[in-house]
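Reader: Before I use a model, I want to know what stands behind each label. Please take me through the terms and the values.

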Amino acid sequence: AGLRYALEVAKHGSVAIITKAEPHESNTNYAQGGVSAVLCPSDSVESHMQDTIVAGAYLCDEETVKVVCTEGPDRIRELIAMGASFDHGDDGNLHLAREGGHSHHRIVHAADMTGREIERALLEAVVNDPNISVFKHHFAIDLLTSQDGSDTVCHGIDALNTETQEVVRFISKVTLLASGGAGHIYPSTTNPLVATGDGMAMAHRAQAVISNMEFVQFHPTALADEGLPIEPKKTRENSFLITEAVRGDGGILYNLSMERFMPLYDERAELAPRDVVARSIDDQLKKHNEKYVLLDISHKPREKILSHFPNIANECLQHGLDITQQPIPVVPAAHYMCGGVRAGLQGETNVHGLYVAGEVACTGLHGANRLASNSLLEALVFARRAVQPSINHMKSSSLDLSASSLWTRPLVPKSLGSDVMHKILRITKEVRKELQSIMWKYVGIVRSTSRLQEAEQKIGKLEAKWETYLFEHGWQQTMVALEACEMRNLFCCAKLVVSSALARHESRGLHYMTDFPHLEESKRLPTVIFPSSHTTGTWSSRQLHQQPIVKSMV
C-alpha cells in the first residue's frame, strides 16, 4: 500500500518512505495466496461483492465493497504494466485460483509467493524514482499533531534511526500510514517481527478513531513446528504460513487419530471460511488435548503439488517432511487485523493530513471477517484512492520547516547507562511474552465476557508493573528505545482489542463469544473507539509530547 501510494504522489512532490527494517520486510512479503479480482468472463463484480459480504458476516460497508471489487481489475492490470509477473495457464491467460469463500476462480497469483512478487516490482520502481527517499531502519515513534479548534492536524512524525540511535523528525503536509497489523500481540503469528501495531497505536494516541479491533483473523493453518520430523533449531520469529490454496486444491484436515473432522462442523468442509476452520481446529485441539492437526494434500499428483506450492514443499522438506507423501502438521496463528484506523472511501481519517491504507486501516471492506486474498486488493485500491485528496491537501497546506521546533524532542536513554538499559530490555522481553500469553489464553479464537474482563485486569496490572519498573529506573516520559516503544504499542493494541471485544455482545464472524453465541441483527454495527483525553492513561496511551495549539499553520 505504501509503495503504491508513494509512486503516485511522487509525481507531485518529494516523498519520504520510513520503514522499520529492510524495505521488503512487511506482511506483503509473506502473502502467499494472491490478489482477488474479477478477471474471468463468467465471474462478476456482484458475485465478488456477495462473497465478500457473506464472509464479512454482513458487517461490511457496502459502498466500500463495491468500490474495491469494481476497481480491483484495473489495479491488477497496472501492476502487470509495472512489471509484476503472475502465473499464466496453458491457454496463455492469467491462471486464476480459487480459495475458501470465493464462488469463482478469481485469485491472481505468482506460485505461492504472490506478495513477494508484487513487492519486488513496486520496490524496483520506488528505487528508480528520484522524488522518493527510503529511510530504512527508521522506527516511527509518534505522529506530530496539533489542535486547531476541535480539529486534530497531523504535521509529520518522529522516528528513531535504530542503527545510529538518533531521533529524526520528519515534517510533512501529508502522512500516510501503511504500517500493517499487530500479529505480535499473540504468541504465535504469521506476521513478521515488525508487526507490532505501531501505526494503530500511534494513530490512537493522535486522536484518530479506531474501529472493529475485536475481529482478529487467525489463519487456520500455520506450520506446527512441534509436529515436524526435524524440529527447527531455534524458535521462529513468525509462524510459517500454509496457504488457504492448499485446501482450495483439495487438501484434507485430520486430527492425530486420522479422523477427518471438518464435515462435522460445516457442510463446506475444508472450503469453509477461515473463521469456521480455525474454530473447528481449536475445538479439536481442546477436545483431544493436542498441539496440532494434520493437513494432507499427498493424494494429489506430485508434479501438481510441487508446481503449485514450491515454497511450502521446500520449507517442509528442510525439516524432514515430504508433503507429496506425508500430511503437514498445522495450527492456527494470528494472521490479520480486520479492524484498525477508521478510514473513509479515500483512506482519509478524522485527523487532517493523515491517511491510512492496508492492514492498519479499517475501511469497512472486511466487516467481521476478511475474505481470502482481499487484503492485497484493498491495499492497492486504497493506496490509489488516497492519492488525489493527498495532493489537494498538500496544495492547500502552508506548513513550513520552522514548525519543527513546536514539539519537544524525544530522548534516547543514553543517560541511564548500559547496565540499567540491559535490565529494562530484559524485563521488557519478559513482559512482551506475558502479554502475548494473556492474549492467546483469554482473547483468542473463542472468548467469553468473564475471560475478557480477566484479560483486561491482567493486562492493566502487567502494564502498570512494567511502567513502574521503567520509571523507577530513571526512564522519562519522552524517552525512546525500539523495544520499549514496541512494547508500548503492543499494550495499546491489546487493550483496543479487549475493549472492542467486550463491547460486542454477540458472535459475528471472527468474534465468537460463548455467552453470546448468536448473531443479533440489532448489533450489526461497527465497533468504534473514539479518542480519549490526553491527560489520563498510561504511557502507552499518551503521545510523548504535549500538543501545541496552532492556528496560523493550517
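Author: What follows sets the values against their definitions, one element at a time. This is a predicted model, in which local features need pLDDT of at least 70, side-chain atom pairs count only at pLDDT 80 or more, and totals for chains, interfaces and linings use all residues. Residues are numbered from 1 along each chain as its sequence is written, and side-chain values use heavy atoms, with hydrogens and water left out.

Reader: What makes Gly72 a bend in H4?
Author: The bend is the angle between axes fitted to the seven residues ending at a residue and the seven starting there. At Gly72 that angle is about 40°. A proline, Pro73, follows within four residues.

Reader: Which residues of H4 are called buried?
Author: Buried means under 20% relative accessible area, exposed over 50%, partly exposed in between (1.4 Å probe, protein chains only). Gly72 and Pro73 are buried, and so are others, including Val65, Cys69 and Ile76. Their cover, by contact (heavy atoms within 4.5 Å), includes strand S2, helix H3, strand S4, helix H5 and helix H12.

Reader: Why is strand S11 called largely enclosed?
Author: Eight of the eight residues of S11, residues 216-223, are buried, so the rest of the structure largely encloses the strand.

Reader: What makes S11 and S14 a pair?
Author: Two strands pair if DSSP finds at least two bridges between them. S11 and S14 have six, in the antiparallel sense. In one of them, Gln217 has Tyr336 of S14 as its partner.

Reader: Why are S6 and S8 edge strands?
Author: The open sheet has the order S6-S7-S8, with antiparallel pairing. S6 and S8 each have a single partner strand, so one side of each is left without a neighbour in the sheet. Six bridges join S7 to S8, and Asn161 stands opposite Glu166 in S8.

Reader: What lies across S6 and S7?
Author: Helix H16, residues 482-503, running at about 55° to S6. Axes are lines fitted to C-alpha atoms, for helices over the stretch in contact, and angles run from 0 to 180 degrees between N-to-C directions.

Key. Helix = DSSP H or I, 4+ residues; strand = E, 2+ residues; numbered from the N terminus.
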